[in-house]
Amino acid sequence: MAVEYDGGVVIGADSRTTTGAYIANRVTDKLTRIHDKIYCCRSGSAADTQAIAEIVAYQLGFHSIELDEPPLVETAANLFRASCYRYREELTAGILVAGWDKRKGGQVYSVPIGGMLVRQPVSVGGSGSTYIYGFMDANYKPGMNKEQCMEITAAALSLAMERDGSSGGVVRLASISEEGVERRVILGNQLPKFSTH
Amino acid sequence: SFFFFLSLTFFSGNIFLLRNAVLEVEAIKVGCSVPAARKTGTTICGVVFKDGVVLGADTRATEGMIVADKNCSKIHYISPNIYCCGAGTAADTEMTTQLISSNLELHSLSTGRLPRVATANRMLKQMLFRYQGYIGAALVLGGVDCNGPHLYSIYPHGSTDKLPYVTMGSGSLAAMAVFEDRYKPDMEEDAAKQVVRDAIAAGIFNDLGSGSNIDLCVITKNKVNYIRPHDEANKKGVRTGDYKYKQGTTGVLTKAVTPIDLELLEESVQTMDTS
């Protein structure tokens, strides 16, 4: 998931990759660097999303050198959209593009399966996202600061990981702002706990 | 040029070009089944230790439920500092690793530098993604370069994971159980070799698709130690008896010898290729 705040974005993801019922990687990093201050959250097929992210990172890096300027988050999002829409029949990729640029500050763009592009203040994705739409609708309020965004992201991911079999492991968080990128890991035993019984 | 690369990346063409469709149709008409591709069943694994990486593999190759090769080599050479274990379709792992090894050698001559493991990883994943999983190669890629020791697992569809310990193949769950119990970061070489040996042994004895011996490959900054076999875990036993009866067991009543005169016309020697 990804959340905008005034001055940047907070992104978060779980760390589980599965092949059927086997967990192939329990410490995956699904927050992939596209550029210094532009990251993406990958969901869907690992092969498809890794391939697309690497292609977009190449395209954006080339574009940034031509421009001699840090690239815009909207540009990165459009590059993702271009690939995801053109090859929509062959791909299974749900991607959140999030980052900071000088023009519009912190931005979150959703590129779900099918290749649509839409900017949202908050977005969730992946198989576990269905379990936290209600939580986000109830608890997200515009105007939260960085720490509050971190807390709500960790809490939402924790809830989703508890309910969804395909999600789990650790919670990886990152905040992107003018100052730079700050990464955090929350291990299983340190996750926020919610009583269900 | 990157648009060209983009269009090449997605195999949106006719997938049936990848199968010998004519052979399959004709074979079914006659009543034969198409020969099953030889798979390696397999337990392969790798571990990063203090000074480098240790790669391990079993040596059984299967054709369905029959062992086609009791001592095949699953650890493939990529470059002097990089080796790759292969699980899945035997032909695919062999040819894929050879292709990338060749391209990497050319690349290395072009850059004037020792190849990096990340480069081999990129080349492998981009090729496997292009073939959309039809190349059944599941690889454990390991090596030491200017940035230290690296280990990757690469899946047939083209996704990769960079981890301190990985297992692949039908025996991967057995091997992973050993790793999850006994892996520690920054192990010494002997401890790393022992844990890899035990992980492969777990695959050999608990997975029907894996068997025979344990091969190891220890890669460090300046040296590669390719140990084949490291452990002959399944040595063929010596027979305790013999079904041949000694001459004289059956009593001879009469004996008539008729020599047949043969004229030697031609003598030629054809050596059998046992390489």
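Which residues of chain B does UniProt list for "domain: Proteasome beta subunit C-terminal"? The unreviewed entry gives residues 233-269 of chain B, in the numbering used here, with the feature name shortened and with the caution that annotations may be inferred rather than shown by experiment.

Before going on, please note that this is a predicted model, in which local features need pLDDT of at least 70, side-chain atom pairs count only at pLDDT 80 or more, and totals for chains, interfaces and linings use all residues. Residues are numbered from 1 along each chain as its sequence is written, chains are lettered from A and ligands numbered from 1 in the order in which they are written, and side-chain values use heavy atoms, with hydrogens and water left out.

Over residues 233-269, chain B is 0% helix and 0% strand, where helices (H or I, at least four residues) and strands (E, at least two) are DSSP runs numbered from the N terminus, and the end C-alpha atoms are 38 Å apart.

Let me turn to the two chains together. Here 20 residues of chain A are in contact with 24 residues of chain B, contact meaning heavy atoms within 4.5 Å. Between them the chains bury about 1,900 Å², 61% of it on carbon and sulfur atoms, buried area being the accessible area (1.4 Å probe) that two parts lose on being put together, summed over both. On the chain A side, A:Y22, A:E54 and A:Y87 lose the most area to chain B, together 27% of what that side buries.
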